[in-house]
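Subject: Structure for you to look at

Dear colleague,

I am handing over the structure that I have been reading, and I would be glad if you opened it beside this message. Please look through it once on your own, and then follow the notes below.

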Amino acid sequence: MSEVKYSKEHEWIKLEGDVATIGITKHATEMLGDIVFAELPEKGSSVEKDGTAGVVESTKAASDVYTPVSGEVVDTNQEIVDDPSKINQDPENSAWFFKLKIKDKSEMDSLMNKDDYDKFAKENNT
Amino acid sequence: METKKTSLYQLHQDCNAKFVEFAGYQMPIQYSEGIVEEHKFTRNHSGIFDVSHMGQLFIYGGDELIKDLEKIFPLDLKNLKLNHSKYSFLMDKDAGIQDDLIITKIDEGFLIILNAACKDNDFKILKELLKEKYKMVLDENRSLIAIQGPKSSQILNEVVDGVKDLNFMSGNWFLFDNQKVYITRSGYTGEDGFEISILNNYADKLTRELINKGSKLVGLGARDTLRLEAGLCLYGHDLDKDKTPVEANLKWAISKERISKGDFIGSDIIIKQLNDGVTKIRVGIKPEGRIIAREKTKIFNQSDVHIGEITSGTFGPSVNGPVAMGYVENKFSKKNTKVFLEVRGKKYAANICSLPFYKKSYVKGVN
């Protein structure tokens with residue numbers, strides 16, 4: 001049983017056991033436009049909740065990718081580094097960014113469910 | 001100050017444009033297909049750009065005007081044929097670039113196309129330099145529509161008969177809907193194309209007809225990636241008052257005839273720099289790998305010494321990789337010189353390269 005949650009920085013997070021898969025939402029990709037560059041955290045490194053954990057760039061500008069929870073990076077998706085346009089094509093599925101072994105499941109509690117996020121995204125359409 | 005709208009504003013909205021404020025205007029940055037698709041469509045087919053925010057300055061006068069303008073621009077204007085255009089710049093006395101522009105000889109004088117952000121200031125400067133001797137009109141009643149890309153000649157010719165016979169960097173008056181439009185074969189994308197000066201009331205109709213014939217609207221986002229791949233400068237970024245045409249590697253645009261005599265604003269500095277060389281110069285920079293180095297990125301040499309700065313950088317959709325240009329110390333400007341770019345605290349390898357990144361396909365002559 002896994003549930004997908006969402007952050008105000010437009011990341012999605014899916015928890016399976018104590019491993020969380022994180023990516024950016026479709027809404028985020030629509031705001032960014034064509035993504036042409038992606039940078040991911042290093043495998044084995046630790047990331048802190050709400051800290052930067054990567055970068056995406058469109059033709060126009062660079063944007064940080066934040067992690068909605070803390071943990072150790074156990075895997076990264078090299079496919080999106082090699083072909084960043086995959087992020088626009090399938091952002092909430094095959095174009096995940098990184099997987100974390102999380103420390104504290106309670107960090108998930110403050111995140112939004114799908115309905116709340118959709119409402120939030122609609123209200124923050126900039 | 002309230003932002004201005006061009007006469008294509010409604011059409012941009014109809015085509016789902018995302019707008020940005022640019023030089024006091026509400027301008028389309030992109031439409032629903034996005035920058036990469038718009039860029040590729042222009043390279044492979046035909047894109048329409050609303051550049052009505054740019055200044056269209058008409059200066060009326062004869063031989064005396066030519067003499068007076070030669071004191072301002074480093075051009076051989078007395079030998080510029082009717083309806084022919086030249087790229088040039090408005091310099092200050094230190095040869096700093098106050099704007100870059102296209103000047104065209106027309107029947108009654110000259111038409112100068114100016115950058116949107118500079119046009120009001122340019123008008124003031126030119127009015128003062130010409131001592132108010134000539135009638136000058138910065139025409140707000142005309143729109144400027146560019147159509148660029150390999151299919152543009154065929155498409156525009158279906159709407160305005162005869163344009164296909166224009167040579168590159170020349171223009172003429174044509175008729176659209178019984179209205180006089182001035183069309184030049186020029187542009188800023190590295191593709192064959194045209195710029196159309198048309199009364200505001202007819203701009204929407206003309207553009208919709210071009211769309212019906214298969215062209216598509218393209219926003220400022222793709223205009224930027226297209227011009228950068230073509231190695232063309234953007235004022236306020238690659239050019240400004242702290243840079244001279246020689247430093248900007250634009251000496252090809254300065255008339256040799258005029259250099260031998262001097263006597264134009266900034267000529268002392270230009271001649272000195274041409275003789276003695278410059279300390280910094282604009283170059284193309286190709287990052288290794290996929291890293292994008294944007295404006296203000298610092299450039300280092302192999303000994304980790306700071307040697308310059310990026311002035312424009314993005315991802316080039318046709319090159320399928322990052323592209324940039326910037327200024328480096330002259331001794332590091334040779335092609336294939338290895339440099340390092342500092343992006344988010346890390347240094348990435350790049351190479352100095354020749355411009356353009358994407359080879360032009362301008363039509364030189366069709367006659």
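The secondary structure of chain B comes to nine helices and 20 strands, and please keep in mind throughout that this is a predicted model. A compact globule with 367 residues would have a radius of gyration near 21 Å, and chain B, with 20 Å, therefore agrees with that expectation.

Chain A can be described in the same manner. Its secondary structure consists of four helices and nine strands, and if you follow the chain from the N terminus on, the elements run β-β-β-α-β-β-β-β-β-α-α-β-α. For 126 residues the radius of gyration of a compact globule would be near 14 Å, so the 13 Å of chain A agrees with it. The C-alpha trace of chain A spans about 35 × 35 × 25 Å along its principal axes.

Next comes the place where the two chains meet. Eight residues from chain A and 11 residues from chain B take part in the contact. On the side of chain B that touches chain A, the elements that give two or more residues are helix H2 (35-44), helix H7 (220-229) and strand E17 (306-316) of chain B. Sorted by class, the residues on that side of chain B are four nonpolar, five polar and two charged.

Chain B is itself divided into two parts, namely domain 1 (1-230) and domain 2 (279-353). The centres of these two domains of chain B, taken over C-alpha atoms, are separated by 30 Å. Where they touch, eight residues of domain 1 of chain B are in contact with seven residues of domain 2 of chain B. On the domain 1 side of this contact, H2 and H7 of chain B are the elements that give two or more residues, and the residues of that side divide into two nonpolar, two polar and four charged. You will notice that H2 and H7 of chain B were also named for the contact with chain A.

For H2(B) and H7(B) the angle is about 55° and the axes are 8 Å apart, which makes H2(B) oblique to H7(B). The crossing in which H2(B) passes H7(B) is right-handed. From H2(B), the residues that make the contact are B:Ile35, B:Glu38, B:His39 and B:Thr42, while H7(B) brings B:Gly221, B:Ala222, B:Thr225 and B:Leu226. Taken by class, this contact of H2(B) with H7(B) has three nonpolar, four polar and one charged residues.

A second pair of helices in chain B may be read in the same way. The axes of helix H5 (residues 152-159) and helix H6 (residues 200-212) of chain B come within 9 Å and cross at roughly 125°, and H5(B) and H6(B) are therefore oblique to each other. Their crossing, that of H5(B) and H6(B), is right-handed. Here B:Ile155, B:Leu156 and B:Val159 in H5(B) meet B:Leu206, B:Glu209 and B:Leu210 in H6(B), and by class this contact of H5(B) with H6(B) has five nonpolar, no polar and one charged residues.

B:Leu355 and B:Pro356 are joined by a cis peptide bond, with omega at about 0°, and B:Pro356 lies in the segment after strand E20 (346-353) of chain B. B:Asn16 has a phi near 60°, which is a positive value in a residue other than glycine, and B:Asn16 is found in the loop between helix H1 (9-14) and strand E2 (18-22) of chain B.

With kind regards

Definitions and conventions
Residues are numbered from 1 along each chain as its sequence is written. Chains are lettered from A and ligands numbered from 1 in the order in which they are written. This is a predicted model: local features need pLDDT of at least 70, side-chain atom pairs count only at pLDDT 80 or more; totals for chains, interfaces and linings use all residues. Two residues are in contact if their C-beta atoms, placed from the backbone, lie within 7 Å. Ala, Val, Leu, Ile, Met, Phe, Trp, Tyr, Cys and Pro count as nonpolar, Asp, Glu, Lys and Arg as charged, and the others, Gly among them, as polar. Domain bounds come from an automatic or database domain assignment. Axes are lines fitted to C-alpha atoms, for helices over the stretch in contact, and angles run from 0 to 180 degrees between N-to-C directions. Angles under 35 degrees count as roughly parallel, over 145 as roughly antiparallel, 65 to 115 as roughly perpendicular and the rest as oblique. A crossing is left-handed if the near helix is turned anticlockwise from the far one by less than a right angle, and right-handed if clockwise. The radius of gyration is taken over C-alpha atoms; the globule rule is 2.2 Å times the number of residues to the power 0.38.
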